[in-house]
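Visitor: I would like to learn how to read salt bridges in a model. Please take me through them.

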Amino acid sequence: MLKIDIDKKLHGSKGEMSLNVNLEIEEGDFVALSGKSGSGKTTILRILAGLESSNGTITIGDEIWQNRDFNLSVQRRKIGFIFQDYALFPNMSVEQNLLFVEKDRELANYLLEITELSSLKKRLPLTLSGGQKQRLALCRAFMNRPKLLLMDEPLSALDPYMRSKLQKEILRLHKEFKTTTIMVSHEPAEIYRLASRVLVLEQGEIVDDVNVKDFLTKTSDSQKLSFEGELLEILKVDSNYVAIVAIGQQLVEVAISKEEAESLVIGDSLNLSTKSISVNIF
C-alpha cells in the first residue's frame, strides 16, 4: 500500500496554489493522473521520487519515505522513473545504460529481449530511433525491480503505431513485476489501455477519483455530429455489441451490429456520425 499525505506551495497556471494530496494506492495498481497543465501532476511524481521536497508523509508498505523528521534519499527509494526526454546516458551503450542501474546482466538481457533491443545492446543512444530510446528508458526503469514506477507522459512524442506497441510492453512489465505504477497522461486511449484508476487534479486538488471507464466514457447528445475516432475495444453485452471509440480527448460507447463487430479490428480508424440518438459507422 502506498500512502501519500503531502502539501506544497506551487506556482500554477492561475498563480500561487497549494498542492494537497491525501490518498492511498493499492500495491500493483496502475493509476493515471489527469488534469490541465499546471495542476500539479508532474510535481507529485517528483515528490514521490524524492526529487522535490514537500510537507507531510509518504509510506510504501512498512517503509517510511518521508515524514516530518526524515526524507529518504532518491537513491534508496525503489523507484523507476520514465521521463519525457528519456534521460539516457549518451556516452554509454544500450547495455551499459542498464547495468549502470544494477549489475544484473541476466535481467538486462531479459528486458532487452522482450523489448526487441538485444541486437542493439552495443549501440549508443544517439544512434537509436525515438521508439528504441523509449524502450531503452522502459528497460532501465525496471532494472532495480522498482516498488513504484513513475511515468511522465512517456509516449507523447511517438507515432500511433509505436505508442500502441510500447503500451503493450509497459502493461506486460507492470503485471510481470507486480509494480505499482503512476502515470501522467493526456491521451484517453493510453489511459484506457493501461490504467484501472484515474485521479483528476485541478489547481493542486484531487477533484475526482474514479475507475477508468467512468472517467472516459461519455455519451454524445442529440445534435447532429460527425467525427473520426480510433476503435479501442468491442464488448458483448448480453446479445448486443458495443464499440469503445476514442474521439479527441474522450471516449464514447457506440452500439453496433454483430456483422460490424465481426468485421471491425481493434485500432481501426472509424468515421462516426450522429443524428438524433442514432449512430452510424461508415
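Guide: Start with exposure. Buried means under 20% relative accessible area, exposed over 50%, and partly exposed in between. E52 has 23% relative accessibility, so E52 counts as partly exposed. Keep in mind that this model is predicted.

Visitor: What does E52 meet in a salt bridge?

Guide: The general idea comes before the case. Side chains of opposite charge can pair when their charged atoms come close. Here the side chain of E52 meets that of R46, at 3.0 Å from N to O. R46 is partly exposed too, at 28% relative accessibility.

Visitor: How many salt bridges does the count come to?

Guide: The count is ten.

Visitor: Which residue forms a salt bridge with K147?

Guide: E63 does, with the closest N and O atoms 2.7 Å apart. K147 sits in the loop between α4 (130-141) and β8 (148-152), and E63 in strand β5 (residues 63-67), so the pair ties together parts 84 residues apart in sequence. Both ends are partly exposed: K147 at 35%, E63 at 24%.

Visitor: Now E95 and K122. Where do they lie?

Guide: First the contact. Their closest N and O atoms are 2.8 Å apart, in a salt bridge. E95 lies in helix α2 (residues 94-101) and K122 in the loop between α3 (105-114) and α4, so this pair ties together parts 27 residues apart in sequence.

Visitor: Is E95 buried or exposed?

Guide: Buried, with a relative accessible area of 6%. K122 is exposed, at 61% relative accessibility.

Visitor: Which residues do shared partners join into one network?

Guide: K8, R46 and E52, through their salt bridges.

Methods:
Residues are numbered from 1 along each chain as its sequence is written. This is a predicted model: local features need pLDDT of at least 70, side-chain atom pairs count only at pLDDT 80 or more; totals for chains, interfaces and linings use all residues. Side-chain values use heavy atoms; hydrogens and water are left out. A salt bridge is a side-chain nitrogen of Lys or Arg within 4 Å of a carboxyl oxygen of Asp or Glu. Buried means under 20% relative accessible area, exposed over 50%, partly exposed in between (1.4 Å probe, protein chains only). Helices (H or I, at least four residues) and strands (E, at least two) are DSSP runs, numbered from the N terminus.
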